[in-house]
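The points concern surface, fold, dimensions and packing.

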Amino acid sequence: MTPCMALEDFVDLKLGHYNKDGIEVVDVEGEIDVYTAPRLRELLIDLVNKNNYQLVVNMEKVEFLDSTGLGVLVGGLKRVRAHDGSLDLVCTQERILKIFRITGLTKVFGIHETVDEAIAAKKLEK
Amino acid sequence: MATVEVTFTPLPAHVRTARLVATAVARRSGVDEALLDEVRLAVGEACSRAVEAHRRHCPAEPVKIEMTDQGERFVVVVSDQAPASNATLHGATAGANGHGVTTLIQGADDAGIPVGFGLAVISGLAEDVHVSSTSSGVSVRMSWPSATAAG
């Protein structure tokens, strides 16, 4: 593989979602930055508009997250909270967790190690 | 003279390329592997801020990145040609933790993050950050120790 090909050969952002036990789980893979974050924002808005107010965003396959991505997650949190909902995260990667710690957002989001743990926590909240 | 100098059209799609180049040059300059994620994120934040500023004020002008191996320090300067707002410069001095979380939560909406938050994140990431504003634009200078400093 040439260096040029390596630079272009990437998954920028893959999004998927499914419902488990009444909670919408959003799978995110790739890089969330100023270029790709609008796609995640659109998905979160779409889910809320379809009356999904209990969200879990699985970030285990996120390779990069910047402040634009944080803004999208916080925007999603504000939307679900307006309907008495919640938005929790699944993340164990230190390099991603670091930006949440730097910004103080570990106090704002529920951050879990697995999707099942996040769902169990949400059921306890109900 | 910079070791590597890159200019790019202020489009979000190019920010990824810019941070990949910066990370590659940092590695080549001997920056510790453990710091490369910080370099990548900080340069990405600086470029994102510059791109947004150019899109508002001067979309035809390019954003410039200069990366220099100064022996003991690897220095990155991201320069734009857009006028700085007070909010932008406040972000650089506020720090991300504490003030930042309140600002982010209050300011986040469909338009995105509050102005200046990216700089606050950079301040939380890099140990050496200087933001300067002149009549020709804003410069964000960041540096990290390189191999020479460790050895």
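Predicted model: local features only at pLDDT ≥ 70, side-chain atom pairs only at ≥ 80, totals over all residues.

1. Burial applies to 52% of the 126 residues of chain A.

2. As to charge, chain A carries 16 positive and 21 negative charges, whose mean positions lie 5 Å apart.

3. Five helices and five strands make up the secondary structure of chain A. Their order along the sequence is α-β-β-α-β-α-β-α-β-α.

4. Along the principal axes, the C-alpha atoms of chain A occupy a box of roughly 55 × 30 × 25 Å.

5. Among contacts in chain A with a separation of 6 or more, 66% are between residues 24 or more positions apart.

6. Which residues touch the most other members of the largest nonpolar core? They are Met59(A), Phe100(A), Phe109(A) and Met142(B), in a core of 65 residues. Helix H2 of chain B (residues 33–57) supplies the largest share of this core, with nine residues.

7. Phe109(A) deserves a separate entry. Beyond its neighbours within four places in sequence, Phe109(A) is in contact with Leu73(A), Val74(A), Leu77(A), Leu87(A), Leu89(A) and Phe100(A). A second core, separate and made up of seven residues, has Val25(A), Val56(A), Val90(A) and Ile119(A) among its members.

Note on methods:
Residues numbered from 1 in each chain as written. Chains lettered and ligands numbered in written order. Heavy atoms only, no water. Helix = DSSP H or I, 4+ residues; strand = E, 2+ residues; numbered from the N terminus. Buried < 20%, exposed > 50% of the residue type's maximum accessible area, 1.4 Å probe, protein only. Contact = heavy atoms within 4.5 Å. Lys, Arg positive; Asp, Glu negative; His and termini not counted. Charge placed at Lys NZ, Arg CZ, Asp CG, Glu CD. Core = buried A, V, L, I, M, F, W, Y, C linked by side-chain atoms within 4.5 Å.
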